[in-house]
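Keep the picture open while you read.

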Amino acid sequence: MPKPARTETGTITRPDAHPTVRVWDWVVRVFHWSLVASFATAWLTAHSSEDIHHLAGYAAAALIALRLIWGIVGTHYARFSQFTRGPRAVIGYLRAIVTGSEARYIGHNPAGGAMVLTLMAIMFVTALTGWMTTTDQFWGVEWVSQAHEWSAKAILMLVFVHLAGVIVASVRHHENLIRAMLTGRKRMAEPGDVA
Ligand code: HEM
Ligand code: HEM
């Protein structure tokens, strides 16, 4: 196996491997996998452990609050300004996926960016309505528990769409995006890619 070499730009390369670039900083990666763990814990304990359920829900809310700050002051690809696009761009990108002509993005693609924001917004609504059910004012109020239950179910549904998007993009662009969310690194931009 050829030895890894360090280039002038500090990029680790192997003669048989593509050069890579750092995309997801550690805050984004820790946020992502902690959010996954919080959601899974909250979901699994909804009917069994009140304490753990509440703790996991508050953890999800706190993670989102931190990510909102990081989306403003964080590194390049973590910033909302880098990956939030209007509905036109999102629809255009979804159409391009159907025709097989979508560009590869180094950061979140327009559809992925929209999904990221939607997941965080609904997760926040779920935590908020969950907390509301514990207050004197909203305890026993039907629409609040309904909103809590349905927003939690909406997250689960969207997570499947999120995973499908990750798998489709990984296959189409010949890269393992799940591994990239673990290592933070992706293949460097090539002609035609959107950096
Ligand atoms: C509760 C379940 C999940 C939630 C709420 C969730 C949420 C998110 C969020 C908010 C981001 C954006 C990260 C950021 O910019 O800070 C993201 C990205 C990502 N997630 Fe998840 N995720 C979930 C489950 C998963 C699972 C199970 C996988 C894979 C096994 C996964 C793979 C990814 C990948 C690869 C990205 C980066 C996508 C890209 O390259 O644009 N996610 N997810
Ligand atoms: C964001 C993460 C959260 C998720 C995914 C989640 C999910 C769920 C689910 C699936 C249920 C069962 C609904 C049903 O079938 O009736 C539930 C119930 C409940 N959750 Fe959460 N929850 C979260 C956060 C919270 C928080 C932060 C609190 C309060 C501190 C909370 C308090 C409750 C309570 C009191 C119930 C039972 C009463 C009811 O159904 O209204 N949850 N949650």
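A crossing of two helices is called left-handed if the near helix is turned anticlockwise from the far one by less than a right angle. Keep that in mind for the helix pairs below.

## The big picture

First, a caution: what you're looking at is a predicted model. The protein has seven helices and four strands. Start at the N terminus and the elements come in the order β-β-β-α-α-α-α-α-α-α-β.

The protein has 195 residues, and 15% of them count as buried. Now take the contacts with a separation of 6 or more: 61% of those are between residues 24 or more positions apart.

## Helix α2 against helix α5

Two packed helices are described by the angle between their axes and the distance between the axes. For α2 and α5, the angle is about 135 degrees and the axes are 9 Å apart. An angle over 145 degrees would count as roughly antiparallel, so this pair is oblique instead. The crossing of α2 past α5 is left-handed.

Who touches whom? On the α2 side you'll find Gly57, Tyr58, Ala60, Ala61, Ile64 and Arg67, and they meet Met120, Met123, Phe124, Ala127 and Gly130 in α5. Sort the residues of this contact and you get eight nonpolar, two polar and one charged.

## Helix α5 against helix α6

How do α5 and α6 run relative to each other, roughly parallel or roughly antiparallel? Helix α5 covers residues 110-132 and helix α6 covers residues 142-172; their axes come within 9 Å and cross at roughly 155 degrees. That angle is over the 145-degree mark, and therefore the two helices are roughly antiparallel. Here too there's a left-handed crossing, with α5 passing α6.

The residues from α5 in this contact include Ala111, Gly112, Met115 and Leu119, while those from α6 include Val144, Ala147, His148 and Ser151. The whole contact divides into 14 nonpolar residues, nine polar ones and no charged ones.

## Two ligands and their shells

Ligand 1 has 19 residues around it, and Phe39, His108, Gly112, Val116 and Leu177 come nearest. Helices α1, α5, α6 and α7 each supply at least two residues of this shell. Which helix gives the most? That's α1, with six residues. By type, the shell around ligand 1 has 14 nonpolar residues, four polar and one charged.

Ligand 2 has 21 residues around it, with Ala46, Gly57, Gly130, Ser145 and Ala152 coming nearest. The elements giving two or more residues to this shell are α1, α2, α5 and α6. Its make-up is eleven nonpolar, nine polar and one charged.

Find His174 in the loop between α6 and α7. Most residues other than glycine have a negative phi. His174, though, has a positive phi, near 50 degrees. Is His174 buried or exposed? It has 9 other C-beta atoms within 10 Å, and 12 or fewer counts as exposed, so His174 is exposed.

Next, look for Leu94 in helix α4, which spans residues 87-99. Leu94 has 15 other C-beta atoms within 10 Å, so it's partly exposed. Leu94 and Ala111 sit 17 residues apart along the chain, and their C-alpha atoms are separated by 6.7 Å.

How values were computed
Residues numbered from 1 in each chain as written. Chains lettered and ligands numbered in written order. Predicted model: local features only at pLDDT ≥ 70, side-chain atom pairs only at ≥ 80, totals over all residues. Axes fitted to C-alpha atoms, helices over the stretch in contact; angles between N-to-C directions. Parallel < 35°, antiparallel > 145°, perpendicular 65-115°, else oblique. Contact = placed C-beta atoms within 7 Å. Nonpolar A, V, L, I, M, F, W, Y, C, P; charged D, E, K, R; others polar. Near = placed C-beta within 6 Å. Buried ≥ 20, exposed ≤ 12 C-beta atoms within 10 Å, placed from the backbone.
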